[in-house]
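Try each task before reading its solution.

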Amino acid sequence: MTMLFIEYPKCSTCQKAKKWLDSNGVDYTDRHIVENNPTYDELKEWYERSGLELKRFFNTSGMIYKSMKLKDKLPDMGEDEQLRLLASNGMLVKRPLIVSENFVLTGFKEKEWAEKLK
């Protein structure tokens with residue numbers, strides 16, 4: 001399975017991550033997070049596979065996250081409700097996202113990516 005790289009092309013962190021992938025010879029399939037937002041089922045599977053807190057899948061620095069006051073609302077929302085919310089708008093999802101058979105990474109942390117991808 002080729003890794004899936006989910007990005008928002010205008011995001012500078014995504015651009016940096018993509019450059020890192022290319023310079024390290026990592027094979028991946030690119031996916032635009034707004035044009036092809038992750039579905040509820042995809043997000044649920046990735047969340048379960050990742051071992052991460054569900055909050056790590058939210059773009060907490062995004063304007064939509066802030067305008068919806070999700071910092072205050074998420075603690076009172078159930079897992080299912082949070083996943084449905086993420087599936088409703090790609091701009092709510094933390095990016096870039098790397099999805100492979102064995103792991104899921106949210107955000108770009110070069111050290112973490114190097115450990116998983118090399």
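Helices (H or I, at least four residues) and strands (E, at least two) are DSSP runs, numbered from the N terminus. This is a predicted model: local features need pLDDT of at least 70, side-chain atom pairs need pLDDT 80 or more, and totals for chains, interfaces and linings use all residues. Residues are numbered from 1 along each chain as its sequence is written, and side-chain values use heavy atoms, without hydrogens and water.

**Exercise 1.** Locate Phe103 and list its contacts (heavy atoms within 4.5 Å), leaving aside neighbours within four places in sequence.

Step 1. Phe103 sits in the loop between β3 (97-99) and β4 (104-106).
Step 2. Its relative accessible area is 11%. That is buried (under 20%; exposed is over 50%, partly exposed in between; 1.4 Å probe, protein chains only).
Step 3. The contacts are Met3, Arg49, Ile98, Lys116 and Leu117.
Step 4. Arg49 is 54 residues away along the chain, yet the two C-alpha atoms are 6.5 Å apart.

**Exercise 2.** Find how many disulfides (cysteine sulfur atoms within 2.5 Å) the whole structure has.

Step 1. The search returns zero.
Step 2. Check Cys11: the nearest cysteine sulfur belongs to Cys14, 3.3 Å away, and Cys11 is in no disulfide.
Step 3. Cys11 is buried at 13% relative accessibility. Cys14 is buried too, at 0%.

**Exercise 3.** Determine which ring lies under Arg84. A charge sits over a ring if NZ of Lys or CZ of Arg is within 6 Å of the ring centre and within 35 degrees of the ring normal.

Solution. Arg84 lies over the face of Tyr40, 4.1 Å from the ring centre.
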